[in-house]
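User: Please take one part of this model and go through it closely. I would like the surroundings of a single side chain, then the contact between two parts of a chain, in one connected account.

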2 protein chains.
Amino acid sequence: MTKAFLSLGAALLALSAAAPAQAEDGYRLWLRYEPVSGAVRSENRRTAAALVVASPSPLARSAHDELRRGIGQMLGRAPADRATVDRDGAILLAALGSPMLARTSIDAARLGAEGYAIRSVRLNGHAATLIAARDGRGLLYGSFALLRRMQMRQPLGKLDIVDAPRLPLRMLDHWDNLDRSVERGYAGQSLWDWQRLPLWRDPRIDDYARANASVGINAAVLNNVNGNADILTAPWLAKVATIAGQLRPWGMRVFLSARFSAPREIGGLPTADPLDPRVRAWWKAKADEIYAAVPDFGGFLVKANSEGQPGPQDYHRTHADGANMLAEALAPHGGTVIWRAFVYAPDNGDRAKQAFAEFQPLDGRFARNVIVQVKNGPIDFQPREPFSPLFGAMPRSRVALEVQVTKEYLGFATHLAYLGTMWEEVLRSRTDRPVAGARVADTLAAMAGVANAGTDRNWSGSQFDQANWYAFGRLAWNPDGSARSIAEEWVRMTWGNDPRLVDAIVPMMMGSRQAVVDYMTPLGLAHLMGTSHHYGPAPWVADLARPDWNPVYYHRAGRDGIGFDRTATGSNAVAQYAPEVARRLADRAAVGDDALLWFHHVPWTWRLDTGRTLWAELVHRYDRGVATVVRMRATWDGLRGRVDPHRHAEAAAFLAIQEQEARWWRDACLAYFQSVSGQPLPAGTRPPAHPLAWYEALRFPYAPGQPRP
Amino acid sequence: MTKAFLSLGAALLALSAAAPAQAEDGYRLWLRYEPVSGAVRSENRRTAAALVVASPSPLARSAHDELRRGIGQMLGRAPADRATVDRDGAILLAALGSPMLARTSIDAARLGAEGYAIRSVRLNGHAATLIAARDGRGLLYGSFALLRRMQMRQPLGKLDIVDAPRLPLRMLDHWDNLDRSVERGYAGQSLWDWQRLPLWRDPRIDDYARANASVGINAAVLNNVNGNADILTAPWLAKVATIAGQLRPWGMRVFLSARFSAPREIGGLPTADPLDPRVRAWWKAKADEIYAAVPDFGGFLVKANSEGQPGPQDYHRTHADGANMLAEALAPHGGTVIWRAFVYAPDNGDRAKQAFAEFQPLDGRFARNVIVQVKNGPIDFQPREPFSPLFGAMPRSRVALEVQVTKEYLGFATHLAYLGTMWEEVLRSRTDRPVAGARVADTLAAMAGVANAGTDRNWSGSQFDQANWYAFGRLAWNPDGSARSIAEEWVRMTWGNDPRLVDAIVPMMMGSRQAVVDYMTPLGLAHLMGTSHHYGPAPWVADLARPDWNPVYYHRAGRDGIGFDRTATGSNAVAQYAPEVARRLADRAAVGDDALLWFHHVPWTWRLDTGRTLWAELVHRYDRGVATVVRMRATWDGLRGRVDPHRHAEAAAFLAIQEQEARWWRDACLAYFQSVSGQPLPAGTRPPAHPLAWYEALRFPYAPGQPRP
């Protein structure tokens, strides 16, 4: 008998050794559901022994399936499906109004439309875990919350949790083209397999939707804001309908970028003037057609009169005229217009002022189903920008914060740059508008993240960029969330609960974005990157057609100093902020190092609080950025053997690329700024590896993510 | 004790049920190594109990690792590594000259450079399986051959096999661009992750190389023949070197497409004249530079003076002048020039004649390390073409057959079209040159397949297109191989050994290419596809700049009849074939239905052997093609439950697309040909679903695989 026991054990070992080596490759994201062992497993098994869906619906079905999948994988035993709570250890999914909730007191107001309560209760004399919500959406989010607790090895007894999203719209914006390329995408092709749609339902889309649901993202714009009217034609809407059908069971609605000139391009009209009755009728009919194909269609995202896109100003109408016309077409169906405030003109003296100048005066003029979507900073997703002055300045409008999950300006996919800290910084920035003490987070109706999900096996182009997708969702759910807590959640679920992993990786992530700022654009600099592809440094570029396309426009470095004077002696962009904010920003001593050169032109020899001259501080920051990456590599190398080899090797290779490119940024920028400033490198500083001309000669015509003509 | 036994068994079951459900998605290709059960497993375990590598080398290491992986997965127990044969059941890898082969008689001549022997032997008094070869290459191929036997559940006792490749160069040509797009690629992006190279060694490339080694493919051209000189610059050669390092342990050498004008574009020379000493010196230096980075570099593939590519004719030199100049640069390093014979001119009256006219007179003028690469047919990878008259017509040159594994003209990736039958047809075509009875297969020095491998999870864009990759490799190894046997091998390894699968799928594959011919271009028609993207039918196109770009140039349909007269009364292209072949082709009654309209202009009312008029036969063929697809769908539906659900659903969806598109081809072509012929549809024929104008109006600007400008 002992022999039989041993031989079975040996067989078990042999089987696992010989199992098809499906490498851990990151496909499962943070939904890895690694097996639980020891006492926690026993406790978990007692708590998650059965599953009762009291309120069936397609979304409750998704919740049920995910609980079975996750618990089955974690505990080695999926909970048994039961019609009612008839034993200890049931998980009960019940919507408000279910008879099973008769004897519990759930505060419906606190749940809202999408929130949930998780509570340890006794039902029918049995210990149970109740997940309650208004409908399937909350049941789905509550189920993922319970799974998250289990993944983090948190106890499941005595739960009494209520959580609800602060913002009703939590959206990914895909800049995906109809040829399946992705503008500013660094993770392969578009997830939407247009050529094989509508007949092919790619199961990967189901997994995409699951991942979004797990962090509360409830909408996706499928196509590029640099729009293409063809998406609104019948053959393409059929494709869109298939995708919408795959996202729906996971609580996600589909939006489309609408090209403003569509009535001319696909509608046969001579104009797209938003006040023209034929145009209005065309959009109404188009909206009707879309809702016939996608009954829960979310609405349109529009980039208008920006970077060459058509818009209402082509007809001497305002953004509000354009947005409201579309809003009118969508309103009968409950749809929403998301109108982007990303605009800049070649001749306004300071690009940073344009969005505020165009949009703030329109406050109160937008229809109720319009949301004005504002990028986090006044320029364009730079490694660090001050918050856009539009936040808080449009109290009679619904305003969305748009951030970039994809790292167009932060090293593409290879650089490890956790953006939770950047978004936390933005969300917590004090606007002091519309009321004193207000922060950006208080002014929002929605959050949108430019997606980084593509066909790469790891979805995001790198293992660590998955964290930005995760963090975006978690912060959109709760804009007061902590970037550190979110990082820890992600690390535990993605890499493991071993404290040696958590304690090493979380700090590395937390410092990573500052490292990018340091080695790319320290001290408030911005927009120093290569033209068009945005890959690598090119602070010397001065010959582009429009002044505000040139890096020299932004850094304004000369023999006298560096930085963009946005105080009253300069462009006076500070005046777009609330007075108390503006006063601080305008004060070179009070603005803080991080925004110094954004708002001020500063002599090279000006001395900072650090005791260094501006020039020495600049050199120091570039060096600090490189040094941080070197430390990150050492930290990661120290985790070899604690992380599965495939993912470890991938992240290690990408950190090697990051170090190489950080040095490149540092060397090229210092070579250039030294040539302009005439300042000698501080003693002990390593000179750039090559002369300036070497860096200037580099060309990257094939870099990924470039716009298609 | 019984209880412990049971609980362990239960745990085993629970574990496997709860294992992370890594779906069967096709990533493993035909190397799935599904577990063997029952008596076969017992027999296999006795035969594959240990592994002895008598002749270590990097390739032998790959062979060892693959044997451990494959046997471990199939038998649940990897063979034990041993230093010598000291027990029954060892697999011994030994190169010629190894002392372990002292008492065996291996015929080295039969092995050649890359062949292998597999023999059941007794060594040191033990039963063993010997894999013998000249060096690691043969050991690797022999190991895969043994694994193939095991995968097909063939007995391993009493083996006495000798096999060697007939052609020394078996090559995949990737038409991959430096921006990672793939010309005529329908399987995602290029496998080469240029942006992250050279620091990132993507493990997927190792799997790509393994797959190639398993079918004997020993070379890959990494980049598009529509060339880009940048690949030859130092930063790109560093990237190439990383890939070459990943392919090398699997017996693969890297080639590059060389743009003929590179000396001007990246060399700073005013000319690329192949007779200019500066040009010759530049290429010599470039070759030296490449070999410093890639010591086993294979050589250059060149598309010259074809479709706008530069070439020696730009300088009034011949193809031989150009090829020999490059050959001279490569010769000191042992490199080879592959010079494509795919040329056509706008004004020669018959595009099909151009390659022969330009190249045949150059026979004997090419250097020994030049291979002239000829497409299977005289036009361009159409669903069916007669063989190119160049095969057999250049006896003093080395000639390669180029086929397309990717299905540019056969429905992209979604249509199920097994091309083994097409290539078998070509290889077995009688050239009767240079000697009577010769077939295309007898005239070859190499085979090249335009690759269909990309980043799609299933590699090939569809499960069934993997079969074409597999078949290409197997036919390049043995051009006399049987398409049916190869299909059966592939089905057994890819779908399973269940006779119900094999008996259903193999016939479906065997008829699939004829179905495509029938619903696209029956009876010898060709080149009826949409402009530029080549997606869908467009036989009506007549307005392109060059006559030979228009479908009407090829089908010549009019009120009087249809087809291209290539007999003496027409272009006399038949005269390019051997006289006895030409006589048959020129005889309308003898040429055969498959090539009828390729060589003859035939009245609509001409009666075929089938008893139908040409018009009726044309309609019949289009209908037959659609009907075959309908039957294929039914066959596949009948396998539901016998095939894993993911792959079954994917193939089912693609068959649905194929049916839809087959109907579209049939309807659009019949609508058009009817409009031209004025013939009524035969009684009982279903009329096209839409009027001709509907089909003519369809546009597909975003179809995949289009050339980048």
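**Surroundings and contact**

Asp350(B) counts as buried because its relative accessibility is 0%, and the cut-off for that class is under 20%. This is a predicted model, so the description that follows concerns predicted coordinates. In chain B, Asp350(B) sits in the loop that runs between β11 (336–340) and α11 (354–359). Two polar contacts made by its side chain can be named. One, of 2.6 Å, is with the side chain of Ser571(B); another, of 2.9 Å, is with the side chain of Arg566(B).

Twelve residues of domain 1 of chain A and 14 residues of domain 2 of chain A take part in the contact.

Between them, domain 1 of chain A and domain 2 of chain A bury about 1,100 Å², and carbon and sulfur atoms account for 50% of that area. On the domain 1 side of chain A, Tyr141(A), Phe144(A) and Arg148(A) supply 44% of the area buried against domain 2 of chain A, more than any other three residues.

Polar links cross this interface as well. The rule finds two salt bridges between domain 1 of chain A and domain 2 of chain A. Separately, Glu114(A) forms a salt bridge with Arg170(A), with 2.9 Å between the closest N and O atoms. Residue pairs in polar contact across the interface of domain 1 of chain A and domain 2 of chain A number seven, with both residues at pLDDT 80 or more.

In terms of secondary structure, α3 (58–75) and α5 (136–151) of chain A each give at least two residues to the side of domain 1 of chain A that touches domain 2 of chain A. The largest share of that side comes from α3(A), with five residues. Sorted by class, the side of domain 1 of chain A that touches domain 2 of chain A has six nonpolar, five charged and one polar residue.

Methods:
Residues are numbered from 1 along each chain as its sequence is written. Chains are lettered from A and ligands numbered from 1 in the order in which they are written. This is a predicted model: local features need pLDDT of at least 70, side-chain atom pairs count only at pLDDT 80 or more; totals for chains, interfaces and linings use all residues. Side-chain values use heavy atoms; hydrogens and water are left out. Contact means heavy atoms within 4.5 Å. Buried area is the accessible area (1.4 Å probe) that two parts lose on being put together, summed over both. A salt bridge is a side-chain nitrogen of Lys or Arg within 4 Å of a carboxyl oxygen of Asp or Glu. A polar contact is a pair of N or O atoms within 3.5 Å; within protein, one must be able to donate a hydrogen and the other to accept it, and residues adjacent in sequence count only if both atoms are side-chain atoms. Helices (H or I, at least four residues) and strands (E, at least two) are DSSP runs, numbered from the N terminus. Ala, Val, Leu, Ile, Met, Phe, Trp, Tyr, Cys and Pro count as nonpolar, Asp, Glu, Lys and Arg as charged, and the others, Gly among them, as polar. Buried means under 20% relative accessible area, exposed over 50%, partly exposed in between (1.4 Å probe, protein chains only).
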